[in-house]
Amino acid sequence: MGHDLDDYCAANQPRFVDELVELLRIPSVSAQPAHAADVRRNAEHIAAAAQAVGFTTAEVVETPGHPAVYAERIVDPALPTVLIYGHHDVQPVDPLDEWVSPPFEPQVRDGKLYARGAVDDKGQVFMHLKAVEAHLRTRGELPLNLRLIVEGEEEIGSVHFEQLVESLRDRLVADVAVVSDTGIFARGVPSLTVGLRGLCGVEVHVRGPSLDLHSGVFGGAVQNPVEALARMLASLKDPATGRVTVPGFYDEVVPPTDEERAAYASLPFSEDEFRATAGGITQTVGEEGWTVLERRWVRPTLEINGIWGGYQGEGSKTIIPAHAGAKISCRLVPAQKPQVIAERVAFALRAAAPPGVTVEVVVKQGGNPVVTPSDHPAVRAAARAMAAVFGKEPVVIREGGSIPPVEVFQRVLGMQSVLVGVGLPDDQIHAPNEKFDLDHYAMGVRVLARLWDEIAEGVHEQPATV
Ligand code: BES
Ligand code: MN
Ligand code: MN
């Protein structure tokens, strides 16, 4: 099964790369208003590409923010229906001077395609389009019904996605969602993801005097907002245990089972490789009592993402700055709620404020954590597809990153997701020199093409007894 598809993919791989390169030239940075027109152009490009491969409906769908793309090819209502989800927006590119080739001038070096969005997520969305093309060009029809939703706001928190799902509800109805926006555990270790962390964020502003003051004239008698912020931030974690000290932070956390912990412990994890992909750090840190994988997959965390205040220019400037600020985010695990955790962090920050400053905490929209079933027939179908292409049974993992729509599908539509992505830990997503290994791009197309066969046949399969 699937040789015809594999042959088609092999014969057309150079063109698959060329077409992806064209998409990667569009700077669809959702976070930056200056790129709004580019995000739209990107959506139009994907809708056209979907139409070209054989989706019968393919259109740009408006939201109050950036547009999404919806497409479908309904073969026969009696066949299984899959909803493909992906995102067409990308992260900002700075620091720009660290890119070897410019982020929106894709370049192949040593079998890897370098560009912003190469693997997160334009390349993986494109795998889906090419898998559909392979089916239709080799066989003339799909073995199941496909719907496709590609949003343009994932990298800014899927701000309007729940609203979009509500309004498109009838067109999104499917047996299962397939999401290719994750990676595999390591090169040569295919894997399926069954858990993603959630996210919440706050921005804190600390204000003191109404203007920057001379630090000699006023120093000693005036609270320094940068110092106040530093103390407040430092109070959020216990350096001895690595635990977050925010009252109630861990209250709702569902710990992993012993079986899960044993399974994670048996994965071929290399701490050396991890430190290398983590930018060459000399040692890992984290919450006492948990392994590196557990700290990243099943434990909640708090990070300071940015901090500002005072004089940053050349030379010295002897002032007490008027204000300081920071962006903080937390990764969440079941059954933590973004709003609740954000409020607790806000409370802890206010409580830690020293006298002489005012503190404002702005809570941002978050996303819920999610765990997806590992025994769903479509997950088993994905395991067979992966095993056929990678030549090895996939392992089951979680990821530390967040894809809020997966939880939205579960809660709003009662629909489970299969997380089948082919990125690698060293792809440098969100960082300079993001890349997609072209052999993984090719294997990804084959996995997805085969997945449609496996799902179409798997409907007759008995549930496994594991
Ligand atoms: N594709 C990533 C999420 C991801 C990364 C999953 C690595 C698994 C492994 C996604 O595009 C992403 O970056 N999500 C954001 C969500 C946030 C902006 C709400 C994230 O995790 O920071
Ligand atoms: Mn992504
Ligand atoms: Mn991302």
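**Cavity, helices and strands**

Guide: The largest cavity holds about 40 Å³ of space. The model is a predicted one, in which local features need pLDDT of at least 70 and side-chain atom pairs count only at pLDDT 80 or more, whereas totals for chains, interfaces and linings use all residues. Residues are numbered from 1 along each chain as its sequence is written, chains are lettered from A and ligands numbered from 1 in the order in which they are written, and side-chain values use heavy atoms, with hydrogens and water left out.

Visitor: What makes this space a cavity, and how many of 30 Å³ or more are found in the whole structure?

Guide: On a 1 Å grid over the protein atoms alone, a cavity is a set of points where a 1.4 Å probe fits but cannot get out. Grid points are joined across faces, edges and corners, and the volume is the space filled by probe spheres set on the points. A search of the whole structure finds one cavity of 30 Å³ or more.

Visitor: Which residues line the largest cavity, and how are they divided by class?

Guide: Lining residues have an atom within 4 Å of a point. Those of the largest cavity are Thr 63, His 66, Ala 68, Glu 151, Gly 152, Glu 153, His 160, Phe 161 and Leu 164. Ala, Val, Leu, Ile, Met, Phe, Trp, Tyr, Cys and Pro count as nonpolar, Asp, Glu, Lys and Arg as charged, and the others, Gly among them, as polar. The lining therefore has three nonpolar, four polar and two charged residues.

Visitor: Why is Arg 450 called buried?

Guide: Buried means under 20% relative accessible area, exposed over 50%, and partly exposed in between, with a 1.4 Å probe and protein chains only. Arg 450 has a relative accessibility of 10%, so it counts as buried. Arg 450 is placed in helix H13 (residues 438–458); helices (H or I, at least four residues) and strands (E, at least two) are DSSP runs, numbered from the N terminus. Contact means heavy atoms within 4.5 Å. Leaving aside neighbours within four places in sequence, Arg 450 touches Met 1, Gly 2, Leu 5, Asp 6, Ala 385, Ala 388 and Val 389 in this sense.

Visitor: How do you know that the length of helix H11 agrees with its number of residues?

Guide: The expected span of a helix is 1.5 Å times one less than its number of residues. Helix H11 (residues 377–390) has 14 residues and should span 20 Å; its end C-alpha atoms are 20 Å apart, so the two values agree. Just after H11, Gly 391 takes a positive phi of about 75°.

Visitor: What makes H11 mostly covered, and what covers its buried residues?

Guide: Of the 14 residues of H11, 11 are buried, including Arg 380, Met 386 and Phe 390. The cover over the buried residues includes strand E7 (176–179), strand E8 (191–196), strand E19 (417–419) and H13.

Visitor: How do you know which strands pair with E7?

Guide: Two strands pair if DSSP finds at least two bridges between them. Strand E3 (residues 81–87) and E7 have four bridges and pair in the parallel sense, with Val 178 in E7 as the bridge partner of Ile 84. E7 and E19 also pair in the parallel sense, over three bridges, and Leu 419 in E19 is the bridge partner of Val 179. Both faces of E7 are covered: Val 176 and Val 178 are buried on one side, and Ala 177 and Val 179 on the other.

Visitor: Why is helix H12 (residues 404–413) called largely enclosed?

Guide: Seven of its 10 residues are buried, so H12 is largely enclosed by the rest of the structure. Among them are Pro 404, Glu 407 and Phe 409.

Visitor: Why are Phe 126 and Gln 312 classed as they are?

Guide: Phe 126, in helix H3 (residues 122–139), has a relative accessible area of 2% and is therefore buried. Gln 312, in the loop between strand E13 (301–309) and strand E14 (319–320), has a relative accessible area of 62% and is therefore exposed.

Key:
On a 1 Å grid over the protein atoms alone, a cavity is a set of points where a 1.4 Å probe fits but cannot get out, and a pocket is an open set with protein on both sides within 12 Å along at least five of seven lines; lining residues have an atom within 4 Å of a point.
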